[in-house]
Every structure is written in structure tokens, then in C-alpha cells.
Amino acid sequence: MGITAREVSKRFGDFVALDDVSVEAPTGSLTALLGPSGSGKSTLLRVIAGLEKQDGGEIFIFDEEKTQVPPQKRGVGFVFQHYAAFKHMTVFENVAFGLKIRKRKKAEINKRVHELLELVQLDGFFHRYPAQLSGGQRQRMALARALAVEPEVLLLDEPFGALDARVRQELRAWLRRLHEEIEVTTILVTHDQEEAMELADRIVLMNHGKIEQVGSPQDLYENPANEFVMGFIGPVNRLGDTFVRPHDIEISLHESGSTVEATVDHFVYLGFEVRVELTLKDGQHLWAQVTREDAWHLGLERGKTVHVRIGHSRVFSEPVEDSVPKP
């Protein structure tokens, strides 16, 4: 097993950041720690890195206990949300820094840095300074610097959080390709559900210092363990105790025995799909996702009466704190 955190607990005064949390990241995998602010995901990552001292529990990296080992001896590469670059150093010097303090030979450093800069698509920028790079380029430099010392594992704490949406999308695709190439065991902390689902082999969904569910992106989306998971992974409507995905709502112009009457409140064209906001006859609100072709055939407009059929839905027996709010 690449990384194992066993029964880890951490308090900050009266606040319980981690409550006996156990997590495994298989060798070569990319595991996402996902959850809302305050769920404990960044604290767990810092405990694994040795940057935060836990109150209880154990940390193993490739089955070797690292609980009492200092951060610099854990074989960990760490990338923060903010690049923490040395502003007075060039890109080459930033990436080479860890190798220089380890007193590697000059020829070895030169070869390793140029290999990494080519890997992260910055081979033509080695002479520039961080201020001369875009946000995405600086973050790629930070990843190259973390990889330079050949860490056993790579820990990423909201690495794209400070970037705009377009650059984040580009870097997610780039990081996925990079991970497939280097196959280093990686843990990514994010609060972005789409980012976790796009990048990760496994998602660990956290809430209030505990783990709600662990599984593949498809597992969490299709088979949520409770209300919180269903509300956090993907869009959802709540109708009383019933949860239903927007794409599981069908809209038609004709009544049938399985439909309920609704009024179109608003609709938004999003290019590949249309979001339709509806009010049911009993006053409950919900929204549906339909294709633009279906929207055109339905002739949607505000105030129009339509008929709605709810397809697949879920009811959970036990409510979970901080579950999805009613629409």
C-alpha cells in the first residue's frame, strides 16, 4: 500500500479536525480527499506529510511507519495552493533547489531539471523568473520542483485553487496525463467535486473530520451511502425525503398516470444542455437537465404548463448532518 493513515485524530482546542480517520491510497493511485471547508482534508494531508503533529494514530508510507519521522525524511513531495516560489531564482534554479541542498552533482542536477521541465512543458522557460510566468506555468514549476527529489509520494493541497476556471480545466487534463506517465502515488486535496471526479481513481469524501464514503467517482455518484454524499457529489433535488438527480427528471407536454403537473419558472441554455427550473402543483421547486433538442421540441417558455415524471430516486433512512438543502 502506498500511503496508509490509521486511526488519525487531531484537535485544535475544542475543534475536532480529525476523528479517528483511516485512509489508504494504493500504490500508483491518485486519491482525492474531497469535502467542504472544515472537513479535515487539508489537516489530514499535512499530518501525512509530517507538517502537522497528530494527537493519535499512525502514518505508513509503503508499509514503513513514518509517524515520528520528520517531514524532510518522509520521501514526500508537497505542492501548496500558493506556489511558494523563490522570486529571486529562475525557473531552473527553483526546480534545482532541492537537489542542490542534497549536494547532488552539477551534471546530475542539470540533467534532472531539464528532464522535468520538458515533462511539465516548461523546457523553453528555464531562464525566466516566477513573475514572468502565468499562474498555470508557476504551478507546473511547483510540481516539477516537488518531483525533482524523486519523492516516494506526492501530496497536492488545492494545487489549482488560486487559478481561474479555464486554466484549472487545462491543468486538470495536464495533471491526469502526467500522473499516467510517472505513476507516483498521489493524494490530492480539493473541495471541487468535478476536479475530484475527473482526476481521481478513488475519492475519500470527508465531513466534520470523519469519512462519509470511499470509492471510485462512479461509486459515489451512483451508489451514495447517505444524504450528504448524494448532495455533495453531483447536482440533486430534494423533495421531502426523496432525492433525485436533475437528469432523472423527464418533462413532457402530455399527462400520463406517472406524471405530475408543473410550471416552467425559468430555463437557461448552457450550450450542450438546458437547465429547467420548475414548480410542481403542490408548490415544491425542482430543476431538470434536458438536451437542447428536447427543450426545442417542448417549446419551453416561462409560465408554460408541463408534465414531469421522476425517474430514479433515493430515500435514505437516516439523515446526515449538513446534507443537501432543499431547493
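**Briefing on the predicted model**

In the protein, residues 24 or more positions apart account for 65% of the contacts with a separation of 6 or more, a contact being heavy atoms within 4.5 Å. The model is predicted, so that local features need pLDDT of at least 70 and side-chain atom pairs count only at pLDDT 80 or more, while totals for chains, interfaces and linings use all residues. Residues are numbered from 1 along each chain as its sequence is written, and side-chain values use heavy atoms, with hydrogens and water left out.

**Overall make-up**

- The secondary structure comes to 9 helices and 18 strands, where helices (H or I, at least four residues) and strands (E, at least two) are DSSP runs numbered from the N terminus.
- The C-alpha trace spans about 75 × 45 × 30 Å along its principal axes.
- Of the 327 residues, 47% count as buried (under 20% relative accessible area, with exposed over 50% and partly exposed in between, for a 1.4 Å probe and protein chains only).

**Aromatic pairs**

- Searching the whole structure gives 5 aromatic pairs, in which ring centres of Phe, Tyr or Trp (its six-membered ring) lie within 6.5 Å, and planes under 30 degrees apart count as stacked, over 60 as edge-to-face and the rest as tilted.
- One of these pairs is F228 with F232, which is stacked because the ring centres are 5.5 Å apart and the planes stand at 20°.
- F228 and F232 are 4 residues apart in helix α8 (residues 227–232), and are therefore separated by about one helical turn.
- F228 is buried at a relative accessible area of 3%, and F232 also counts as buried, at 13%.
- F267 and Y269 form an edge-to-face pair, 5.9 Å centre to centre with 80° between the planes, and F267 counts as partly exposed at 22% relative accessibility.

**Charges over rings**

- The charged end of K10 sits over the ring of F12, 5.1 Å from its centre, the criterion being NZ of Lys or CZ of Arg within 6 Å of the ring centre and within 35 degrees of the ring normal.
- R275 lies over the face of W287, at 3.8 Å from the ring centre.

**Packing of α4 and α5**

- The axes of helix α4 (residues 135–148) and helix α5 (residues 165–182) come within 11 Å and cross at roughly 25°, these axes being lines fitted to C-alpha atoms over the stretch in contact, with angles from 0 to 180 degrees between N-to-C directions.
- Residues making the contact include L143 and L147 of α4 and W174 and L178 of α5.
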